[in-house]
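Student: I have a new structure open and would like to learn how to read it. Could you walk me through it step by step?

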Amino acid sequence: MKKTQKRAYAKINLTLDVLRKRDDGYHDMAMIMQSINLCDRITVEDSEKFELTTSSSKLPIGEDNLVYKVYNQLKMLKPEVKPVSINIEKNIPIAAGLAGGSADAAATYEALNEHWNLGLSIEKMISLGVKLGADIPFCIFKGTALAEGIGEKLTRLKSFKDHLILVVNPGYAVSTPSVFKLLDLKVNHTKPDTRAAMKAIEDGDLEKLVKSMHNVLGDVTESEHKDLRVLMDLLESKGALKAMISGSGPTVFALFDDEDKLESCYRDIKDEYATVIKSKTI
């Protein structure tokens, strides 16, 4: 029985700026997105009928699940393909600002493309993916990238791989639509310096990168969840160069340049928060 497996990598936002609200209700963004080695696993196997399963009791697996939607979308492209079962081994926290659902969708495109011999290019998968979710294109693209538009316009940046990251999730979910609803673009928000951050990555200058990093959506989430500011301050007091909310949160990631400091911080807080994971950029 044929089996195809793919890793679904989480993402963090090194910068996130919201530029304007569009006529279609979405927002134009400018953000530096980065893959990390925290991942789910997607397994596709030949089956008598389609079935979606998961290792997490918290993950809905009905028709609203993005993996389910990718299956239906690709099946329509080539109706004669045989049914498969798809399993999601869940390691990325759910509704956490790490694009877990989008990463699963991206890996499903890759797995079904291979399993069914569809011959889809990365560009074609991205064009299909943006119809289902704004983070899916980057999760297919991977690595280090400037994302613009709603997230579908991607520019490859110099790799920011192998940097130490501590991922901390407080154990509750945050709704991205609710965060955007609370966002008031008429207010003067602190903004990231996206261009300076890109230059810092190009030059390998962590000090300048840290000064350029900010997340406009994270400010909204932080205003609703004061504990996240406490967490970020704690991480920085324990040696992180920068601690910041990823996406709409509530996950906080901390960037370290010293493995001993990361290990010490991990030991100090691992029992205090729902999820604490040592990771690296890829």
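Tutor: Gladly; we will go from the whole chain down to single residues, keeping in mind that this is a predicted model.

Student: How many helices and strands are there in the chain?

Tutor: The chain has 10 helices and 10 strands. Its C-alpha atoms fill a box of roughly 55 × 45 × 35 Å along the principal axes.

Student: What would the radius of gyration be for a compact globule with 282 residues, and what does the chain have?

Tutor: The idea is to set the chain beside a rule for globules. A compact globule with 282 residues would come out near 19 Å, and the chain has 19 Å, so the two agree.

Student: What percentage of the residues in the chain is buried?

Tutor: Here buried residues make up 52% of the 282. The accessible surface of the chain comes to about 13300 Å², and carbon and sulfur atoms account for 47% of that surface.

Student: Which residues touch the most other members of the largest nonpolar core?

Tutor: To read a core, look for buried nonpolar residues joined through their side chains. The largest one has 73 residues, and Leu74, Ile86 and Leu112 touch the most other members. Strand β2 (residues 27-46) gives this core its largest share, 8 residues. Another core, of 17 residues, lies apart from it and includes Leu164, Ala240, Ala254 and Phe256.

Student: What is Leu74 in contact with, beyond its neighbours within four places in sequence?

Tutor: Leaving those neighbours aside, Leu74 contacts Tyr109, Leu112, Trp116, Leu118, Leu120 and Leu128.

Student: Which residues of helix α8 are buried, and what covers them?

Tutor: In α8 (residues 216-224), the buried residues are Val216, Leu217, Gly218, Val220, Thr221 and Glu222. Their cover includes β1 (3-21), β2, α5 (176-182), α9 (227-237) and β8 (242-245).

Methods: Residues are numbered from 1 along each chain as its sequence is written. This is a predicted model: local features need pLDDT of at least 70, side-chain atom pairs count only at pLDDT 80 or more; totals for chains, interfaces and linings use all residues. Side-chain values use heavy atoms; hydrogens and water are left out. A nonpolar core is a set of buried Ala, Val, Leu, Ile, Met, Phe, Trp, Tyr and Cys residues joined through side-chain atoms within 4.5 Å. Buried means under 20% relative accessible area, exposed over 50%, partly exposed in between (1.4 Å probe, protein chains only). Helices (H or I, at least four residues) and strands (E, at least two) are DSSP runs, numbered from the N terminus. Contact means heavy atoms within 4.5 Å. The radius of gyration is taken over C-alpha atoms; the globule rule is 2.2 Å times the number of residues to the power 0.38. Accessible areas come from the Shrake-Rupley method with a 1.4 Å probe; for residues, only the protein chains shown count as cover.
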